[in-house]
Amino acid sequence: MKTLKLLSSSLLICFLLSSCGTSFYDQYSFTETLETKANALSLVEVSDQEYQQHKAAAQALINKIDMMVSYEKAKSKNEITIQMWQYLQSDASSIQQFLDLWESQGTLSTAFKAEFKPQVAKIFDLMANYENKKNEQSKLALLDLIAM
């Protein structure tokens, strides 16, 4: 009888948790967000060099963002994270604008690097914070960024 009650309670808890409106912490998403941040910052750091020398790394960053959109779409109750990765994928994102500018200019100034690097870090820090906490404050911070 105790086993049946325990099983019933466990099933009820699982059902309640799965019906919540937000997905749970995902170690893979968190790790990939930090890795993508490192890759993006690395590209900003070398943007005073010829784009063609780093074209493969730039394409790898774009591919990683595309892959994360697909990954996040496969999870349920994950709308905010999907929106954020889709934002990074869009032409409106500062990451895409940076890559386009770097490709068209060939090289970018060190002043540009200094100004742009904190912006890139902030985007990924907000994403990692949301994935880690999944609370209302971190959600609103991401939504504000997407709305800009």
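**Reading the model**

Author: Lysine 77 has its place in the loop between α3 and α4; helices (H or I, at least four residues) and strands (E, at least two) are DSSP runs, numbered from the N terminus. The model is predicted, so local features need pLDDT of at least 70 and side-chain atom pairs count only at pLDDT 80 or more, while totals for chains, interfaces and linings use all residues. Residues are numbered from 1 along each chain as its sequence is written, and side-chain values use heavy atoms, with hydrogens and water left out.

Reader: What phi does lysine 77 have?

Author: Most residues other than glycine have a negative phi. Lysine 77 has a positive phi of about 50 degrees, although it is not a glycine. Its relative accessible area of 30% makes lysine 77 partly exposed; buried means under 20% relative accessible area, exposed over 50%, and partly exposed in between (1.4 Å probe, protein chains only). Lysine 134 also has a positive phi of about 50 degrees and is not a glycine. Lysine 134 is found in the loop between α6 and α7 and is buried, with a relative accessible area of 17%.

Reader: How many helices and strands does the chain have?

Author: The chain has seven helices and zero strands, and from the N terminus on its elements run α-α-α-α-α-α-α. Buried residues make up 38% of the 148 residues in the chain. Where contact means heavy atoms within 4.5 Å, residues 24 or more positions apart account for 72% of the contacts with a separation of 6 or more.

Reader: Which residues of helix α4 are buried?

Author: In helix α4 (residues 79-89), the buried residues are Ile80, Thr81, Ile82, Met84, Trp85, Tyr87 and Leu88. Their cover includes α2, α3 (55-73), α5 (94-105), α6 and α7 (136-147).

Reader: How many salt bridges does the structure hold?

Author: Side chains of opposite charge can pair when their charged atoms come close. A salt bridge is a side-chain nitrogen of Lys or Arg within 4 Å of a carboxyl oxygen of Asp or Glu. The structure holds nine salt bridges. In one of them, aspartate 125 pairs with lysine 37, and the closest N and O atoms are 2.5 Å apart. This pair links distant parts of the chain, with aspartate 125 in helix α6 (residues 110-133) and lysine 37 in helix α2 (residues 27-45), 88 residues apart. Aspartate 125 counts as partly exposed at 37% relative accessibility, whereas lysine 37 is buried, with a relative accessible area of 18%.

Reader: Which residue forms a salt bridge with glutamate 72?

Author: The partner of glutamate 72 is lysine 75, with 2.9 Å between the closest N and O atoms. Glutamate 72 and lysine 75 are both buried. Another salt bridge joins the side chains of glutamate 131 and lysine 134 (3.5 Å, N to O). Glutamate 131 counts as buried at 2% relative accessibility. Salt bridges that share partners also join Glu45, Asp48, Lys113 and Lys117 into one network.

Reader: How many aromatic pairs are there?

Author: Rings of Phe, Tyr and Trp (its six-membered ring) pair if their centres lie within 6.5 Å; planes under 30 degrees apart count as stacked, over 60 as edge-to-face and the rest as tilted. By this rule there are seven aromatic pairs. The rings of tyrosine 51 and tryptophan 102 have centres 5.2 Å apart and planes at 85 degrees, so this pair is edge-to-face. Tyrosine 51 lies in the loop between α2 and α3 and tryptophan 102 in helix α5, so the pair ties together parts that are 51 residues apart in sequence. Tyrosine 51 and tryptophan 102 are both buried. For phenylalanine 98 and phenylalanine 116, the ring centres are 5.1 Å apart and the planes at 25 degrees, so the pair is stacked. Ring pairs link Tyr51, Phe98, Trp102, Phe112 and Phe116 into a cluster.

Reader: Which residues line the largest cavity?

Author: Rolling a probe the size of a water molecule over the atoms shows where empty space is left. On a 1 Å grid over the protein atoms alone, a cavity is a set of points where a 1.4 Å probe fits but cannot get out, and lining residues have an atom within 4 Å of a point. Grid points are joined across faces, edges and corners, and a volume is the space filled by probe spheres set on the points. The count comes to one cavity of 30 Å³ or more, and the largest cavity has a volume of about 50 Å³. Its lining consists of Ser29, Thr33, Thr81, Met84, Trp85, Met127, Tyr130, Glu131 and Leu142. The elements that give two or more residues to this lining are α2, α4 and α6.

Methods: 1 Å grid on protein atoms, 1.4 Å probe; cavity = no way out; pocket = protein on both sides within 12 Å on 5 of 7 lines; lining within 4 Å.
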